[in-house]
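Visitor: I have a model open and want to learn how to read its inside and its surface. Where should I begin?

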Amino acid sequence: MKRNKKKLVINGLFIAAFVFLFFWVLFRYGDELTYLLKDPAKFEKWILGFGTKGILIFIAVQILQVLIFVIPGEVVQIAGGYLYGTFLGSLYSLIGITIGSLLCFTIARILGYEFVRGMLSDEKLKKFDYLINNKKGELGLFLVFLLPGLPKDALSYVAGLTPVKFLNFFLITAAARLPGIVISSYIGANIEHKNYIVSAVISVIAVILFVIGIINKDKIMKKMNHFDE
């Protein structure tokens, strides 16, 4: 009984500390980062201002983007392509996104369902039941991360509630997110090289796929709910 009370107190302190940190970072840096990321040239100037540490700062921004899931991920990835080109931009984004996702996964696994429930609405969390209570949750996770337009916000936290093993989640999130990261980085690289027509065409295709995903997300998620049937 004492051990359970102690665990509840520790979890409560962790949750309070994380929530405080979450909102502090959001209010302290959220607007500034969003403003910078909307203008790749300003973001480039800001990153280059850190000198040789610029790459680490960019990776840190990617980690932060996943942890607070408010800053648009695609915008950061495009900025990475603008700064470092398609290959390196994709690599640095993948490193940051993967680290951020693994941190979310670990936090949720340690603090549990109530913590994640406190971050998401019951309605949104209910949509992920097919992942939490499904033996084939790994396939569901892969598809949600891979397909454009499906709800990725806070998914890494939800993944921590599933039976998926840490190593498997690492492989899933890295593999499923890579195509989207490369496409976004490619768009950013072409903007930097002033290949606006190529950037526009790829962007239009990406937006169309995103809209198709948004329109069909309920159907896709409904089918996922019946994986075990």
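Guide: Begin with the nonpolar core. In soluble globular proteins, nonpolar side chains tend to be buried together. This is a predicted model, and its largest nonpolar core has 41 residues.

Visitor: Which residues have the most contacts inside the core?

Guide: Phe58, Val116, Leu141, Tyr157 and Phe169.

Visitor: Which helices supply at least two residues of this core each?

Guide: The list includes H2 (40-48), H3 (54-68), H4 and H5 (113-119). Also on it are H8 (137-146), H9 (155-159) and H10 (166-192). H4 gives the most, with 13 residues.

Visitor: How many helices and strands are there in the chain?

Guide: There are 11 helices and zero strands. Read from the N terminus, the elements run α-α-α-α-α-α-α-α-α-α-α.

Visitor: How do I read the contacts along the sequence?

Guide: Look at how far apart the partners are in sequence. Take contacts with a separation of 6 or more: 74% of them join residues 24 or more positions apart.

Visitor: What share of the residues is buried?

Guide: Buried residues make up 41% of the 229 in the chain. As for the surface, the chain exposes about 13,200 Å². Carbon and sulfur atoms supply 69% of that area.

Visitor: Which residues form a nonpolar patch on the surface?

Guide: Phe87, Leu88, Leu91, Ile95, Ile99 and Leu103. Together they have about 510 Å² of accessible area.

Visitor: Take Ile95. Why is it called partly exposed, rather than buried or exposed?

Guide: Because its relative accessible area is 33%. Buried means under 20%, and exposed means over 50%. Ile95 lies in H4, which spans residues 73-111.

Technical notes: Residues numbered from 1 in each chain as written. Predicted model: local features only at pLDDT ≥ 70, side-chain atom pairs only at ≥ 80, totals over all residues. Heavy atoms only, no water. Patch = residues over 30% accessible without salt bridge, like charges linked within 9 Å, V, L, I, M, F, W, Y side chains within 5 Å. Areas by Shrake-Rupley, 256 points an atom, 1.4 Å probe, with all protein chains shown as cover. Salt bridge = Lys/Arg side-chain N within 4 Å of Asp/Glu carboxyl O. Helix = DSSP H or I, 4+ residues; strand = E, 2+ residues; numbered from the N terminus. Buried < 20%, exposed > 50% of the residue type's maximum accessible area, 1.4 Å probe, protein only. Contact = heavy atoms within 4.5 Å. Core = buried A, V, L, I, M, F, W, Y, C linked by side-chain atoms within 4.5 Å.
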